[in-house]
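These are my notes from a first look through one structure. I wrote down each item as I looked it up.

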Amino acid sequence: MKNNLNAQIRPATLADLDALVALEAATFNYSQMGRASFRRLLQAPSAHFHVACGAEHTLLGYYLLLTRSNSKRWRLYSIATSAQARGMGLGRALLEHAIDYARQQGAGELSLEVKTDNKAAIALYQALDFAVVDLLLNYYDDDHASDGYRMRLSL
Ligand SMILES: CC(C)(COP(=O)(O)OP(=O)(O)OC[C@H]1O[C@@H](n2cnc3c(N)ncnc32)[C@H](O)[C@@H]1OP(=O)(O)O)[C@@H](O)C(=O)NCCC(=O)NCCS
């Protein structure tokens, strides 16, 4: 998968745990996943986890897809790129990878939730044809009980 950073996208392993926890802590001040959650999800059959790595295996981003057995409805639970890697095509490369991967695994749709003020993420999702299907009032447990959008892509 091409991006301006020449990052390699590959399945995540437990060896990525420390770097994932650090990236998450630097990225989100709401709905942040902790070490125990990452550890559990890295080993869960229902979780499909990929990371993007740069030179010397530096972690530059990740995405996490969740599903239930036999379900065609998949969820993009999280996606993030590190602050120094943003605006260089990596978020798009990760999301394109996630869409291709989910499609190949037989998913029929991909849904996600995003804060209504997260302009960068919403623009990325719209660029890859996700559409807003729902407004989720007070969805987030941050200081402002922010609203969210549910967005969906048919595969
Ligand atoms: C959202 C995020 C993953 C985008 O990653 P990125 O590596 O910067 O994305 P890219 O460089 O591939 O940009 C892809 C598209 O996203 C949109 N985008 C990215 N940054 C943007 C910004 N600051 N403002 C508006 N749109 C932006 C654009 O549509 C862009 O396409 P373009 O370059 O053709 O204009 C990144 O900003 C991030 O990790 N944010 C913090 C975590 C987060 O909010 N995750 C989503 C939770 S729902």
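Which residues does Tyr-149 touch, not counting residues up to four places away in sequence? I found Val-114, Thr-116, Val-132, Asp-134, Leu-135 and Leu-136; a contact here means that the C-beta atoms of two residues, placed from the backbone, lie within 7 Å.

Before going on I noted the ground rules. The model is predicted, with local features needing pLDDT of at least 70 and side-chain atom pairs counting only at pLDDT 80 or more, while totals for chains, interfaces and linings use all residues. Residue numbers start from 1 along each chain as its sequence is written.

Entry on Tyr-149. I located Tyr-149 in strand 7; strands (E, at least two residues) and helices (H or I, at least four) are DSSP runs, numbered from the N terminus. Tyr-149 is buried, because 21 other C-beta atoms lie within 10 Å. The cut-offs are 20 or more other C-beta atoms within 10 Å for buried, 12 or fewer for exposed, and partly exposed in between, with C-beta atoms placed from the backbone. I also checked Gln-104, which is 45 residues from Tyr-149 in sequence and 26 Å away in space, C-alpha to C-alpha.

I read the strand order as 1-2-3-4-5-7-6, in an open sheet of seven strands with mixed pairing; two strands pair if DSSP finds at least two bridges between them. Strand 1 (8-11) and strand 6 (131-136) each have a single partner strand, so one side of each is left without a neighbour in the sheet. On average, neighbouring strands of this sheet are turned by 25 degrees against each other, direction ignored. Axes are lines fitted to C-alpha atoms, for helices over the stretch in contact, and angles run from 0 to 180 degrees between N-to-C directions.

Entry on one pair. Strand 5 (residues 109-115) and strand 7 (residues 148-154) run antiparallel and are joined by seven bridges. I picked out Glu-109, whose bridge partner in strand 7 is Ser-154.

Entry on a helix. Helix 1 (residues 17-27) lies across strand 3 (59-66) and strand 4 (73-81), and I noted an angle of about 90 degrees to strand 3.

Entry on the loops. Which value of phi does Asn-70 have, although it is not a glycine? I noted a positive phi of about 65 degrees for Asn-70, in the loop between strand 3 and strand 4. Asn-70 counts as exposed because it has 6 C-beta neighbours inside 10 Å. Asn-138 sits in the loop between strand 6 and strand 7, and its phi is positive, near 55 degrees. Asn-138 has 10 C-beta neighbours inside 10 Å and so counts as exposed.
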